[in-house]
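Me: I have a new model open and want to learn how to read it. Where do I begin?

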Amino acid sequence: MADQEITLMKGNEAIAHAAIRCGCDGYFGYPITPQSEVLETLAEQKPWETTGMVVLQAESEVSSINMVYGGAGCGKKVMTSSSSPGVSLMQEGMSYLAGAELPCLVVNVSRGGPGLGTIQPSQADYFQSCKGGGHGDYRLIVLAPSSVQEMADFVDLSFELAFKYRNPAMILSDGVIGQMMEKVVLPPFKPRRTEEQIKKEAPWAALGRDKNRKPNIITSLELDPSVMEDINIRLQKKYAQIQENEVRYEEYMLEDADYAIVAFGSAARIAKKAIELARGEGIKVGLLRPITLWPFPIKQVAALKDKVKGILSLEINAGQMVEDIRLAVECKIPVAHYGRLGGIIPAPDEVVDALKKMM
Amino acid sequence: MKQELIIAGFGGQGVLSMGKILAYSGLIEGKEVTWMPAYGPEQRGGTANVTVIVSDEPISSPILSSYDTAIILNQPSMEKFEDKVKPGGTLIYDGYGINNPPTRKDINVYRIDAMDVAAEMNLIKIFNMIILGGYLKLHPIVEIDSVLKALKKTLPERHHHLIPQNEEAIRKGMELVK
């Protein structure tokens, strides 16, 4: 396949191809709808025969995330993917990865919950992804793709950010973006890093010790609370730096807007159609799409309070991101929420109705 | 030019693959395309549908509330989607398995008895291509040549010898639409 060939594929397939192409060293996963095509595509592509990337179906999600911990501790580019109930099983491991400051990528192609829920799309894992999920004062870098192209592009970007900050990164997608097919240009091939390169770029990695350096210890355990407090303070400084430097967002038709929709991922696509319909009826509305859910585009959302009369938070959940929006605008303008639950996707005309109700 | 369509029927009728071939044909012509299946615990005989958009412009939502065209291949889908065709839009259905034909007067309704014709031609497995042919006669959003290229791309090589039959089915579908 030529590097720049335009092809048609599912979001899940794009994740798999992008992983191979960005020089990923290992994928550990367990099948679950609606993300099983990630593992299936990797199995079809057999990257262990070409790039040497390991692809392993673990016995559970708990195993997957701990295999990721092991690989990441060696400075390798490793990842897993799952869907909501499976990602819940991984939360302990993710807290440990954050505590041990290990870079990795976790992909959540989320579905309706709580519990086993449905297999249809949902964005109800916003809280889990952005506010913890696991225990302790930690953050994940969370990217929300809204097209198959972004599914492909965000794999490499996630690894880049994860290694830059020694922090786990997450792609929070859903069944819409995972299952839909769209045009995609896959990223060019990057070779996997050699052990020498890893030693240079990740000197903290437990990759075998030269005689003249101290042992690298990968752990999240520290029994002395005063030391543990210092570690936490350092982590918080790192998170503040990420919040300062890594906010990503898209603005769409906001220039002349009287109202704004804030939506991420698949909901942002539905929002664009709703904007098209609403503008057809003379309602001036635009979109602010957070691409990084954490760090949340606080400043950009806050700026809306001087620009528009009201905000509609469109989420395929019962209202999660809406809390961050209200905080950002300090409740100075009305912020409404519209969403559907349990795997039902809001249709564009429902969004227009919700918008009119807010006005 | 933009066509927003829903293809709906029973699992196993080739609903998803018909959509896929259409999307691929659009891709081959450099158009923007999305293919969004309503996925579920799939099984042969269960209901299946796919939203396909082919457009010259970038596509916003892959999920829609109304459609330019609905291709309906069973009764449950007729009940679900007849009302969602835009006024002036197109509804294509196969008479086989539809007990209550559409009643709307503000849309263009076409019946293609593809299942019967496919049985006569001994081409039951590619009855979906007869339907596709009928659709393309009404809305030539892609060239037949592109469809044939798309078939080559989507079918595994061991099935490539069936492409001429698929072409025959598409052309038959085009003849059936009056």
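**Reading the model, feature by feature**

Reply: Begin with a backbone detail: just after α2(A), A:K46 has a positive phi of about 45°. Keep in mind that this is a predicted model.

Me: Which residues of α2(A) are buried?

Reply: General idea first: in soluble globular proteins, nonpolar side chains tend to be buried together. In α2(A), the buried residues are A:E37, A:V38, A:L39, A:T41 and A:L42.

Me: What do the buried residues of α2(A) pack against?

Reply: Their partners are β1, α1 (11–21), β2, β3 (54–57), β4 (78–82) and β5 of chain A.

Me: Where else in chain A is phi positive in a residue other than glycine?

Reply: Two cases to look at. A:E101 has phi near 55°. Its place is the loop between α5 (91–99) and β5 (104–110) of chain A. A:M253 also has phi near 55°. That residue is in the loop between β9 (249–252) and β10 (259–262) of chain A.

Me: Is A:E101 buried, exposed or partly exposed? And A:M253?

Reply: Count neighbours. A residue is buried with 20 or more other C-beta atoms within 10 Å, and exposed with 12 or fewer. A:E101 has 19, so A:E101 is partly exposed. A:M253 has 16, so A:M253 is partly exposed.

Me: How is chain A divided into domains?

Reply: Into domain 1 (6–195) and domain 2 (249–358). Their centres, taken over C-alpha atoms, are 27 Å apart. For the contact, count residues on each side: 26 from domain 1 of chain A and 20 from domain 2 of chain A.

Me: Which elements supply the domain 1 side?

Reply: α6 (126–130), β6 (141–143), β7 (168–174) and α8 (175–179) of chain A each supply at least two residues. α6(A) gives the most, with four residues. By type, this side of domain 1 divides into 14 nonpolar, nine polar and three charged residues.

Me: Which residues touch the most other members of the largest nonpolar core?

Reply: A:A260, A:I261 and A:A271, in a core of 156 residues. Domain 1 and domain 2 of chain A both give residues to this core, so the core lies between them. Take A:A271 as an example. Beyond residues up to four places away in sequence, A:A271 touches A:I261, A:A263, A:L287, A:L314 and A:V351.

Me: How do I read the packing of α11(A) with α14(A)?

Reply: Start with the axes, then the handedness, then the residues. Helix α11 (residues 265–280) and helix α14 (residues 348–358) of chain A have axes 8 Å apart, at an angle of about 65°. The crossing is right-handed. From α11(A) come A:I270, A:A271, A:K273, A:A274, A:L277 and A:A278. From α14(A) come A:P348, A:D349, A:V351, A:V352 and A:L355. Nine of the contact residues are nonpolar, none polar and two charged.

Me: What is the case for α5(B) and α6(B)?

Reply: The axes of helix α5 (residues 144–154) and helix α6 (residues 163–176) of chain B come within 10 Å and cross at roughly 145°. This crossing is right-handed. α5(B) brings B:I144, B:V147, B:L148, B:L151 and B:K152, and α6(B) brings B:I163, B:N166, B:E167 and B:I170. They divide into six nonpolar, one polar and two charged.

Me: How many residues do chain A and chain B give to their contact?

Reply: The size of an interface is often given as the accessible area lost when the parts come together. Here we count residues: 18 from chain A and 16 from chain B. On the chain A side, β1 (6–10), α8, β8 (181–185), α11 and α14 give two or more residues each. The largest share, five residues, comes from α11(A). This side of chain A divides into 10 nonpolar, one polar and seven charged residues.

Terms used. Residues numbered from 1 in each chain as written. Chains lettered and ligands numbered in written order. Predicted model: local features only at pLDDT ≥ 70, side-chain atom pairs only at ≥ 80, totals over all residues. Axes fitted to C-alpha atoms, helices over the stretch in contact; angles between N-to-C directions. Left-handed = near helix turned anticlockwise from the far one by under 90°. Contact = placed C-beta atoms within 7 Å. Nonpolar A, V, L, I, M, F, W, Y, C, P; charged D, E, K, R; others polar. Core = buried A, V, L, I, M, F, W, Y, C linked by C-beta atoms within 7 Å. Domains from an automatic or database assignment.
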